[in-house]
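Here's a quick briefing on ring contacts and charged pairs. Have a look at the model below, and then we'll go through them by topic.

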Amino acid sequence: MVFRILRTDSALVWNNKELRRRFLRYRGIIDDKEVARYIVAKSLSCEFNSNDTIEDLEKLLEEKSLEFNELLKNPIQDIKKRNIASKNYIDLAEEIAIRYLEDCIFCERQCSVNRIDGEKGFCLISKDSYISSAFLHTGEEAPLIPSGTIFFQGCNFGCVFCQNYDISQKWKERRKIEDIAQKVDVKQLAALANRLVEKGAININYVGGDPIPNIHTIVGSLQYQTSNITQLWNSNFYLTDKSLSLIIDFMDFWLPDFKYGNNECGKKYSGIDKYFDVIARNHKRVHDEGSGEIIIRHLIMPNHIECCSKPILDYVAKELPKAVMNIMQQYHPEYFAHKYKEINRRPSMEEIHEVKNYADDLGILYEPVS
Ligand code: SF4
């Protein structure tokens with residue numbers, strides 16, 4: 001029996017009725033009144049074999065997703081009685097993820113490299129996953145702590161101001177991944193997650209770098225995880241629609257970044273195409289089709305209030321009404337930010353107030369988690 005002890009500030013945040021209403025299912029899993037989605041997915045039987053074409057498997061995934069979402073509507077006592085199927089929905093998602101690795105389309109960079117054969121795309125991650133650290137994080141948003149946070153090495157972005165550049169970017173220039181991170185397979189990742197639960201984690205938080213290049217390992221590990229615990233995706237959210245389909249039903253909680261309010265700033269500072277189009281699409285999908293329990297992280301950047309912060313807040317207010325936002329003000333120039341004069345300082349208090357006032361005017365819920 002694992003006793004989960006919430007820190008005082010974390011416990012207090014649940015007094016906010018609106019926040020509790022928006023995160024009803026997440027809170028229910030903490031209290032053991034709900035069942036984590038991945039456990040429900042393991043009870044959904046799935047027949048396929050290794051000769052099936054990728055198109056057949058993708059079609060089956062769509063059908064199973066519909067079935068899964070119908071299943072979730074059943075009373076909780078009926079869901080709790082279900083048994084794990086020997087071949088199930090998670091097996092299917094893992095099989096498809098491994099096929100995608102042969103021609104990698106996990107993120108919208110769509111490098112099309114064969115990672116099974118050892119080729120590497122922009123993220124420089126082959127078929128193996130590497131963990132740089134894993135611990136109980138008490139610095140995350142109040143409703144999420146203590147969070148069982150697992151940091152994956154490597155990232156599909158190239159942000160010039162990266163605050164985490166040691167595990168996302170800098171190692172690429174000078175070090176082998178084996179020297180700075182620990183290789184994990186699906187069973188080892190599950191064991192790591194189970195240990196974090198034993199230590200008191202109230203969620204398993206996949207982050208990095210970014211978890212996207214490691215979808216196959218994360219999905220595969222769910223087969224070996226055993227606790228009724230929230231699965232949380234903490235990411236830049238630059239997934240393809242196809243790879244989002246592999247995880248959308250298994251994640252209980254979403255913690256995506258929303259950095260830029262347009263495509264141009266995404267290209268200039270992170271080196272990626274169609275930033276806003278992709279990120280907005282993925283937010284909309286998890287809001288409407290996934291659990292819908294989301295904290296969106298937006299980092300206020302200097303001189304980017306009109307082009308980034310405000311368009312993002314407009315989008316959230318209009319399209320993502322169930323989401324809660326963490327409006328973050330801790331930006332400081334790191335890594336190569338000094339090469340860009342306009343972002344080579346912290347945001348001013350005037351800029352921070354302007355963004356928060358704008359969010360207030362739009363009725364966005366952000367204070368309990370910011
Ligand atoms: S995860 Fe993204 S960056 Fe990495 S190889 Fe695949 S498509 Fe490329």
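Let's start with a charge over a ring: the charged end of lysine 87 sits over the ring of phenylalanine 48, 4.3 Å from its centre. To count, NZ of Lys or CZ of Arg has to be within 6 Å of the ring centre and within 35 degrees of the ring normal. Keep in mind that this is a predicted model, where local features need pLDDT of at least 70, side-chain atom pairs count only at pLDDT 80 or more, and totals for chains, interfaces and linings use all residues. Residues are numbered from 1 along each chain as its sequence is written, and side-chain values use heavy atoms, with hydrogens and water left out.

**Charges over rings**

- Arginine 109 does this too: its charged end sits over the ring of phenylalanine 122, 3.6 Å from the centre.

**Aromatic pairs**

- The structure holds 17 aromatic pairs; rings of Phe, Tyr and Trp (its six-membered ring) pair if their centres lie within 6.5 Å, and planes under 30 degrees apart count as stacked, over 60 as edge-to-face and the rest as tilted.
- Phenylalanine 23 and phenylalanine 253 are an edge-to-face pair, because their ring centres are 4.9 Å apart and their planes meet at 70°.
- Phenylalanine 23 lies in the loop between α2 (17-22) and α3 (24-30) and phenylalanine 253 in strand β6 (residues 253-256), so this contact ties together parts 230 residues apart in sequence. Helices (H or I, at least four residues) and strands (E, at least two) are DSSP runs, numbered from the N terminus.
- Phenylalanine 23 counts as buried, at 0% relative accessibility, and phenylalanine 253 counts as buried at 0% as well. Buried means under 20% relative accessible area, exposed over 50%, and partly exposed in between (1.4 Å probe, protein chains only).
- Tyrosine 269 and tyrosine 340 also pair edge-to-face, with 5.6 Å centre to centre and 70° between the planes.
- That tyrosine pair links distant parts of the chain, 71 residues apart: tyrosine 269 is in helix α13 (residues 263-270), and tyrosine 340 is in the loop between β8 (324-328) and α16 (349-362).
- Tyrosine 269 is buried at 1% relative accessibility, while tyrosine 340 is partly exposed at 23%.
- Both tyrosines turn up in a cluster that ring pairs build from Phe157, Tyr238, Tyr260, Tyr269, Tyr275 and Tyr340.

**Salt bridges**

- The count comes to 27 salt bridges, each being a side-chain nitrogen of Lys or Arg within 4 Å of a carboxyl oxygen of Asp or Glu.
- Arginine 27 bridges to aspartate 31, with the closest N and O atoms 2.8 Å apart. Arginine 27 is buried at 12% relative accessible area, whereas aspartate 31 is partly exposed at 31%.
- Lysine 242 and glutamate 58 meet at 3.2 Å, N to O. This pair links distant parts of the chain, with lysine 242 in helix α12 (residues 241-247) and glutamate 58 in helix α5 (residues 54-71), 184 residues apart.
- Lysine 242 is partly exposed at 41% relative accessibility, but glutamate 58 is buried at 18%.
- Glutamate 95 and arginine 99 form a salt bridge at 3.0 Å, N to O. They are four residues apart in helix α7 (residues 89-101), so about one helical turn separates them.
- Glutamate 95 is partly exposed at 23% relative accessible area, and arginine 99 is buried at 18%.
- Salt bridges with shared partners join Lys284, Asp288, Lys318 and Glu319 into one network.
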